[in-house]
Amino acid sequence: RGERTSDAMAMATCTALQANVASRRHARRFGRMRRVERSAKRTWKVRASEEDGQNESIAPVKLESPTGEFLTYMLQEQPELFDSAVEEQLEKLVKDKEDQKEKDDDDKGTSTDLVLYRRMGEVKAAERKAAVLDIMYACIVQNFVRIGVTLLPKLDGLVDAAPVDLNALTQGVHTPEALEMVKDHLRSVLGGQQAFSNVMVKMSKLQAAQVYIASTMFGYFLRRVDKRFQLEKAMGTLPESREEAVARLERLFNQTLDVEEGVDSETSETTETQTTLRQYVESFDQQTLAETAQMVTQEAATITERQVGSVFGNLMELQMEMMKVVGEDAQSAEELMGRVQKAVEAGSVQSLSMTYGSLRRVVLEAVAFGSFLRDTESYVDSEYGLTPAGRFLGPGGPSSPPPPPAPTS
């Protein structure tokens with residue numbers, strides 16, 4: 001009996017030693033993983049110093065999923081491998097989604113097992129959604145890095161935006177046809193000649209956030225219609241403008257006269273016009289215009305909300321703050337804007353002060369953000385499959401943005 005007891009103690013000791021070795025190996029692996037994660041987290045901040053408030057980063061939204069941290073690390077340390085890393089992460093997510101679908105189809109367990117598996121599936125689906133959102137945002141940031149522009153940080157009080165190459169935010173993003181509509185949008189937001197002045201302007205954070213949303217939606221809309229315009233232009237299927245229709249009829253009439261008079265029609269002088277992007281958009285009926293102005297996926301709307309919240313603050317809280325101050329009984333838009341202006345001047349609501357030059361940069365960045373968002377959404381949707389969106393309740397497309405803010409005296 002004593003021998004059996006000693007043998008059992010020896011086996012227990014051996015098992016304990018093996019478990020200890022295994023646990024130390026796991027701890028070392030886990031330690032290495034945590035060091036990589038902490039390294040990835042640190043690299044998102046370029047020259048961060050939270051103690052003195054100088055927290056400079058390449059984007060205002062912090063990516064917290066493992067996929068987002070990994071792509072942040074790649075964007076900072078190995079940007080030449082960023083595109084390959086995105087493809088690899090998307091392939092992994094596609095495989096995970098397909099595997100989960102197969103498990104759901106094959107699952108024939110008890111009711112308790114079904115509830116458990118369903119809950120596990122919901123958790124994994126949430127993790128995949130967070131990863132997809134971070135992939136999309138990282139791709140947008142990569143586009144800004146490519147043109148040499150750093151996204152605006154969180155704005156508060158007196159805004160002193162860092163100088164940026166406005167040509168990069170315009171010519172580096174849009175086609176020549178689209179640039180004409182960007183200029184019109186800029187003038188409509190800032191108000192005529194003020195778009196090119198450096199007069200100081202003070203506005204509520206809510207107004208600034210609404211301008212950013214409207215410009216983002218405009219850039220998203222512009223990219224959608226411009227892609228469609230360029231495709232139809234290449235295929236020769238653009239609808240005729242009124243001038244083109246008149247010119248075509250005149251050419252037919254002249255060719256008929258040439259045939260009757262025995263003149264070679266090929267020598268007749270012809271004048272051709274070309275449909276512009278604005279004319280192309282104006283040819284849309286109301287239904288086509290409304291559909292094109294909406295965001296296609298829920299993910300695009302979520303990213304827009306995150307971006308605006310990171311730059312200006314929680315939009316719902318800003319709206320509630322404004323409603324408490326100005327009330328809801330204004331009889332006209334003019335009366336409402338008057339109350340808002342008084343609240344801003346009195347400091348009753350959170351406000352921003354900046355030059356029109358800085359505001360111009362804000363608008364152009366938002367338009368570029370919307371354009372890059374549409375590019376990224378189209379790519380990720382083709383690879384992974386995003387969630388179709390309902391109607392996005394916010395300003396968008398070619399609709400009029402909020403009234404331009406009044407300059408401070």
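**Aromatic rings**

I looked up the ring contacts and noted that ring pairs link Y137, F144, F369 and F372 into a cluster. Rings of Phe, Tyr and Trp (its six-membered ring) are taken as a pair if their centres lie within 6.5 Å; planes under 30 degrees apart count as stacked, over 60 as edge-to-face and the rest as tilted. The model is predicted, with local features requiring pLDDT of at least 70 and side-chain atom pairs pLDDT 80 or more, while totals for chains, interfaces and linings use all residues. Residues are numbered from 1 along each chain as its sequence is written, and side-chain values use heavy atoms, with hydrogens and water left out.

I recorded 6 aromatic pairs in the structure. One of them joins Y137 and F369; this pair is tilted, at 6.3 Å centre to centre and 55° between the planes. Y137 belongs to helix α4 (residues 111-146) and F369 to helix α14 (residues 356-383), so the pair ties together parts 232 residues apart in sequence. Helices (H or I, at least four residues) and strands (E, at least two) are DSSP runs, numbered from the N terminus.

I then asked of this pair: is Y137 buried or exposed? Y137 counts as buried because its relative accessibility is 3%. F369 also counts as buried, at 0% relative accessibility. The cut-offs for relative accessible area are under 20% for buried, over 50% for exposed and in between for partly exposed (1.4 Å probe, protein chains only).

A further pair is that of Y280 and F284, which is edge-to-face: 5.1 Å centre to centre and 75° between the planes. I noted Y280 as buried, at 2% relative accessibility, and F284 as buried, with a relative accessible area of 12%.

**A charge over a ring**

Which ring has K97 over its face? I noted that K97 lies over the face of Y384, at 3.8 Å from the ring centre. The criterion is that NZ of Lys or CZ of Arg is within 6 Å of the ring centre and within 35 degrees of the ring normal.

**Positions in helix α14**

I next took G370, which is placed in helix α14. At 0% relative accessibility, G370 counts as buried. Leaving aside neighbours within four places in sequence, I listed T216, G219 and Y220 as the contacts of G370, where contact means heavy atoms within 4.5 Å. For T216 the C-alpha to C-alpha distance to G370 is 4.3 Å, although the two residues are 154 apart in sequence.

S371 also has its place in helix α14. Its relative accessibility is 0%, and S371 therefore counts as buried. With neighbours within four places in sequence left aside, S371 is in contact with V173, H174, G219, Y220 and R223.

R360 is buried, with a relative accessible area of 15%. The C-alpha atoms of R360 and L166 are separated by 9.1 Å, and the two residues are 194 apart along the chain.

**Helices α12 and α13**

At what angle do the axes of helix α12 (residues 315-326) and helix α13 (residues 333-346) cross? I recorded a crossing at roughly 100°, with the axes coming within 10 Å. The two helices are therefore roughly perpendicular to each other. The contact involves M322, V325 and V326 of α12 and L336, R339, V340 and A343 of α13. By class, I counted 6 nonpolar, no polar and 1 charged residues in this contact.

The axes are lines fitted to C-alpha atoms, for helices over the stretch in contact, with angles from 0 to 180 degrees between N-to-C directions. Angles under 35 degrees count as roughly parallel, over 145 as roughly antiparallel, 65 to 115 as roughly perpendicular and the rest as oblique. Ala, Val, Leu, Ile, Met, Phe, Trp, Tyr, Cys and Pro count as nonpolar, Asp, Glu, Lys and Arg as charged, and the others, Gly among them, as polar.

I also looked up M316, which is placed in helix α12. At 52% relative accessibility, M316 counts as exposed. M316 and L206 are 9.3 Å apart, C-alpha to C-alpha, and 110 residues apart in sequence.

**The chain as a whole**

Of the contacts between residues at least 6 apart in sequence, 83% join residues at least 24 apart.
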